Amino acid sequence: MKIRVLLPLLAAVLLPAVSRAQSLVDAHRDSVASHAMYFEMGGSRYTPQQVDSINKIIAQYYYDQFRGFQDPEAPYFMFMSKDAQLAMGIGGCVRMRGWYDIGNVIPANGFAPYLIPMSPQAGGDKRLGSTPAGTALFFRVLGRNKMLGHYQVYIEGNFNGYEHVGFRLKKAYAVVRDFTIGYAASTFGDPAALSPVIDAQGANNKISNTAVLLRYMRSVGKGWTVAASVEAPSPQIGADGTTTATVNSVCPDGAAFVQYAWGPSSHVRLSGTVRSLGYRDISADKIHRTAGWGVLLSGTGHPVEPLTLYATLNYGRGTSSLGGDLLCGAYDLIDNSDSPGHMYAPASLGYNVGVQYNFRHNLFVSASFSQSRLYADHPVAGSEYKYGLWAAANLFWNLTPRIQAGVEFDWGLRCNYDGYARSSRRIGAMCQFSF
């Protein structure tokens, strides 16, 4: 599917969403924010009147441009100074996922079409699995003073490391005024524009890069936000080790976005990134560098109160390692089969559309569909990945503002360059407690 066809499709999804700023999605977020206990450091409790004032202050701190559906909720316990200028919260979530693969087992916890086995395997047609991966802990300090203005420090770790239960760092950054420094979500990405899913992998075009970065982000005018950053590179170069080899990165990635928002969870964003990608021609003993670049158009909004629409469209060269299906391979640079010793950045395209309907603020269904596609400029092996399709439908119920359960059906298909394709299906469930 060409970009000229996808752009009208994206517009058809996003434009109706401009008509309404508030929704039942916002109502649920507000119920979580208000479901909290505030304590003065020293042991005293705040009065209800003081809590109302504090809620307004805390709400602006928790407005996160890079927050996704699976990120932990705000902490239940908040400790604050007497003057409400400093707040400290420790929170997280306990998350359990279970699933049953039908017809063609994906050998991973995440449902990624790239990983669908392309040849039948004995005993590989069904699998029951479960994992606590995604269980998280975080620590946040929020404050303001005359010299620094608003600032925050955030650290988050997930239990999804070694054997899917080891503790590993997910985010660690500080924000001072309009600057962010540390290990944080890339500026080239928009997690809020992806519809809710239970599976950890999600849409197969999902841009989900996290990097050490320095970012400047500022609100300019009513509803407008701009951001730019320099980020530590982590390219995946598909060198064959015989005619080509990998080299060290010498230049940071650059990323930026411009966004217009008309509500707490309604926006349209245009993001871009540029990268320097290098490799070595072994026979000539020469290092070559080429530019990678990518663009992402994304948004979400509510045409009517119970309905939420989501859409993303990304295209670029040398950006495969920034997320999605292609992250499973090494496609930022691949070997040029017509010229041994040389590599190039192939083009990649991805899109996702999703819809969510809230029966109540704490009960909703959603469905989404996405594709990720690789465009090789030169001949590749017939067994090489060409495109993947992914779809999901689910039901979520928030029993309380901090206890959530859900069920989901996932379908995926992988097609290779020789035209051979295989699909897989998964039924999943999840229970999560946030604190």
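**Close-up views of a predicted model**

**View 1. Leu389 (L389) is a buried residue, with a relative accessibility of 16%.** In this predicted model, L389 belongs to strand β21, which spans residues 385-400. Because buried means under 20% relative accessible area, the value of 16% places L389 in that class. Leaving aside residues up to four places away in sequence, L389 is in contact with P113, N204, F369, S370, Q371, W411, G412 and L413. One of these contacts, F369, lies 20 residues from L389 along the chain, with 7.6 Å between the two C-alpha atoms.

View 2. Two or more of the patch residues come from each of β10 (224-231) and β13 (253-263). Y260, a residue of strand β13, counts as partly exposed, with a relative accessibility of 34%.

**View 3. Strand β13 is largely enclosed by the rest of the structure, because eight of its eleven residues are buried.** Strand β13 pairs with β10 in an antiparallel arrangement through eight bridges. Within this pairing, T225 has Q259 of β13 as its bridge partner.

**View 4. Strands β13 and β14 form a hairpin.** Two residues lie between the two strands. Strand β14 comprises residues 266-281, and nine bridges join it to β13 in an antiparallel arrangement. A256 has G272 in β14 as its bridge partner.

Conventions
Residues numbered from 1 in each chain as written. Predicted model: local features only at pLDDT ≥ 70, side-chain atom pairs only at ≥ 80, totals over all residues. Heavy atoms only, no water. Helix = DSSP H or I, 4+ residues; strand = E, 2+ residues; numbered from the N terminus. Buried < 20%, exposed > 50% of the residue type's maximum accessible area, 1.4 Å probe, protein only. Contact = heavy atoms within 4.5 Å. Pairing = 2+ DSSP bridges.
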